[in-house]
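Colleague: Please take a close look at the charged side chains in this model. I want one part treated carefully, with the pairings and the exposure of each partner.

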Amino acid sequence: MSDLKKYISKRKAIDSEFSEEFDEGYQSFKIGVLLKQAREASGLTQEEIAEKLHTRACHQLSHMTEAAR
């Protein structure tokens, strides 16, 4: 186990707020990565995805996939 994983494990064990926020942040990150991969695999731009979702808010898509960079 890496030093980082050890630190996270120890911190989560003693700090429930950190544990919850870490897990939520990680889930958001994973969703962003999956969205970016799916968009790139389909060959679509963020704007095209936003259009297909019937929204003009491509900045929301950008924000969700920003963590994947």
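Modeller: Asp23 is partly exposed, at 34% relative accessibility. This is a predicted model, and the values here are computed from it. The side chain of Asp23 meets that of Lys12 in a salt bridge, 2.8 Å from N to O. The pair links distant parts of the chain. Asp23 sits in helix α2, while Lys12 belongs to helix α1 (residues 3-14). The two are 11 residues apart. Lys12 has a relative accessible area of 25%, so Lys12 also counts as partly exposed.

The structure holds 2 salt bridges. Another pairing joins Asp15 and Arg11. Here the closest N and O atoms are 3.5 Å apart. Asp15 has a relative accessible area of 24% and is therefore partly exposed. Arg11 is at 28% relative accessibility, so Arg11 falls in the partly exposed class too.

Glu17, Glu20, Glu21 and Glu24 gather on the surface in a patch of negative charge. Patch members carry no salt bridge and have over 30% relative accessible area. Take Glu21 as one of them. Glu21 lies in helix α2, which spans residues 16-42. Its relative accessible area is 49%. Exposed means over 50%, so Glu21 stays partly exposed.

To put the pieces together: helix α2 holds Asp23, the partner of Lys12 in helix α1. Helix α2 also holds Glu21, a member of the negative patch.

Conventions:
Residues are numbered from 1 along each chain as its sequence is written. This is a predicted model: local features need pLDDT of at least 70, side-chain atom pairs count only at pLDDT 80 or more; totals for chains, interfaces and linings use all residues. Side-chain values use heavy atoms; hydrogens and water are left out. Patches are made of residues with over 30% relative accessible area and no salt bridge: like charges are joined within 9 Å, nonpolar side chains (Val, Leu, Ile, Met, Phe, Trp, Tyr) within 5 Å. Accessible areas come from the Shrake-Rupley method with a 1.4 Å probe; for residues, only the protein chains shown count as cover. A salt bridge is a side-chain nitrogen of Lys or Arg within 4 Å of a carboxyl oxygen of Asp or Glu. Lys and Arg count as positive and Asp and Glu as negative; His and the chain ends are not counted. The place of a charge is taken as NZ of Lys, CZ of Arg, CG of Asp or CD of Glu. Helices (H or I, at least four residues) and strands (E, at least two) are DSSP runs, numbered from the N terminus. Buried means under 20% relative accessible area, exposed over 50%, partly exposed in between (1.4 Å probe, protein chains only).
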